[in-house]
Amino acid sequence: MKRLLVFLLMTVTLSSLARAQERDTTVSARRWTAENTVFAFCATSALVMDWAQATYIAEHPDKVREINPILGEHPSVGQVNVYSVSSIVGALAVAGALPNPWRNRFLKAVYMVEMLAVIWNASSGVGVSFRF
């Protein structure tokens with residue numbers, strides 16, 4: 001839980017730094033800003049954390065179950081890997097297609113939903129496994 005709090009603190013700090021460094025107030029709707037990049041990093045990090053927890057769940061079907069209806073209760077590590085990579089690529093593709101300010105809103109939503117899932121899993125006793 002301490003690691004999760006440190007991660008959240010780092011995310012808020014990075015976001016603040018990105019806003020402080022943003023100089024161009026007339027940003028093109030399609031150009032990625034520093035803030036977009038920070039939120040893409042945060043969303044991707046949260047997706048990777050969820051991936052690691054889903055891998056743990058796949059490795060311990062006798063202890064915990066997956067609640068993602070797409071993966072099913074007891075997915076294989078291979079299914080988790082395919083789903084997780086697809087989620088990351090898909091989220092970044094959608095973000096890249098969106099104009100500002102919708103890009104940031106989308107990335108923040110991905111981050112929040114994923115972090116809620118990670119926190120829920122951690123509080124339910126789900127560990128992490130980086131055996132991708």
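Isoleucine 57 touches Val64, Arg65, Glu66 and Val126, residues up to four places away in sequence not being counted; contact here means heavy atoms within 4.5 Å. The model is a predicted one, in which local features need pLDDT of at least 70 and side-chain atom pairs count only at pLDDT 80 or more, while totals for chains, interfaces and linings use all residues. Residues are numbered from 1 along each chain as its sequence is written, and side-chain values use heavy atoms, with hydrogens and water left out.

The protein has four helices and zero strands, and its elements run α-α-α-α from the N terminus on. Helices (H or I, at least four residues) and strands (E, at least two) are DSSP runs, numbered from the N terminus. Of the 132 residues of the protein, 36% count as buried. A residue is called buried under 20% relative accessible area, exposed over 50%, and partly exposed in between (1.4 Å probe, protein chains only). Among contacts between residues at least 6 apart in sequence, 70% join residues at least 24 apart.

Isoleucine 57 is placed in helix 2, which comprises residues 34-59. With a relative accessible area of 3%, isoleucine 57 is buried. Its C-alpha atom is separated by 7.5 Å from that of histidine 74, 17 residues apart along the chain. Helix 2 as a whole is mostly covered, since 19 of its 26 residues are buried. The 26 residues of helix 2 should span 38 Å at 1.5 Å a residue, and the end C-alpha atoms are 37 Å apart, which agrees. The expected span of a helix is 1.5 Å times one less than its number of residues.

Aspartate 50 is also placed in helix 2. Leaving aside neighbours within four places in sequence, aspartate 50 is in contact with Glu114, Ala117, Val118 and Asn121. The C-alpha atoms of aspartate 50 and valine 128 are separated by 8.5 Å, although the two residues are 78 residues apart along the chain.

Helix 3 (residues 77-97) has 21 residues and reaches 30 Å from its first C-alpha to its last, close to the 30 Å expected at 1.5 Å a residue. Its buried residues are Val77, Val80, Asn81, Ser84, Ile88, Ala91 and Ala95. These residues cover an arc of only 110° around the axis, which puts them on the same side of helix 3; the arc is that of the directions from the helix axis to the C-beta atoms. An α-helix has 3.6 residues a turn, so residues three or four places apart point the same way. On the other side of helix 3, Val82 and Val89 are exposed. The cover over the buried residues of helix 3 includes helix 2 and helix 4 (102-123). Glycine 78 lies in helix 3 and, at 40% relative accessibility, counts as partly exposed. Its C-alpha atom is separated by 8.9 Å from that of threonine 55, 23 residues apart along the chain.

Two packed helices are described by the angle between their axes and the distance between the axes. The axes of helix 2 and helix 3 come within 9 Å and cross at roughly 170°. That angle makes helix 2 roughly antiparallel to helix 3. Axes are lines fitted to C-alpha atoms, for helices over the stretch in contact, and angles run from 0 to 180 degrees between N-to-C directions; those over 145 degrees count as roughly antiparallel. In this contact, residues of helix 2 including Leu47, Val48, Trp51 and Glu59 meet residues of helix 3 including Ser84, Val85, Ile88 and Leu92. The residues of the contact divide into twelve nonpolar, five polar and one charged. Here Ala, Val, Leu, Ile, Met, Phe, Trp, Tyr, Cys and Pro count as nonpolar, Asp, Glu, Lys and Arg as charged, and the others, Gly among them, as polar.

Proline 101 is placed in the loop between helix 3 and helix 4. The peptide bond from asparagine 100 to proline 101 is cis, with omega near 5°. The 22 residues of helix 4 should span 32 Å at 1.5 Å a residue, and its end C-alpha atoms are 31 Å apart, which agrees. Buried in helix 4 are Arg103, Asn104, Leu107, Val110, Tyr111, Glu114, Met115, Val118 and Asn121. They cover an arc of only 125° around the axis, which puts them on the same side of helix 4. The face turned away from this buried side carries the exposed residues Met112, Val113, Leu116, Trp120 and Ser123. Just after helix 4, glycine 125 takes a positive phi of about 90°.

How values were computed:
Angles under 35 degrees count as roughly parallel, over 145 as roughly antiparallel, 65 to 115 as roughly perpendicular and the rest as oblique.
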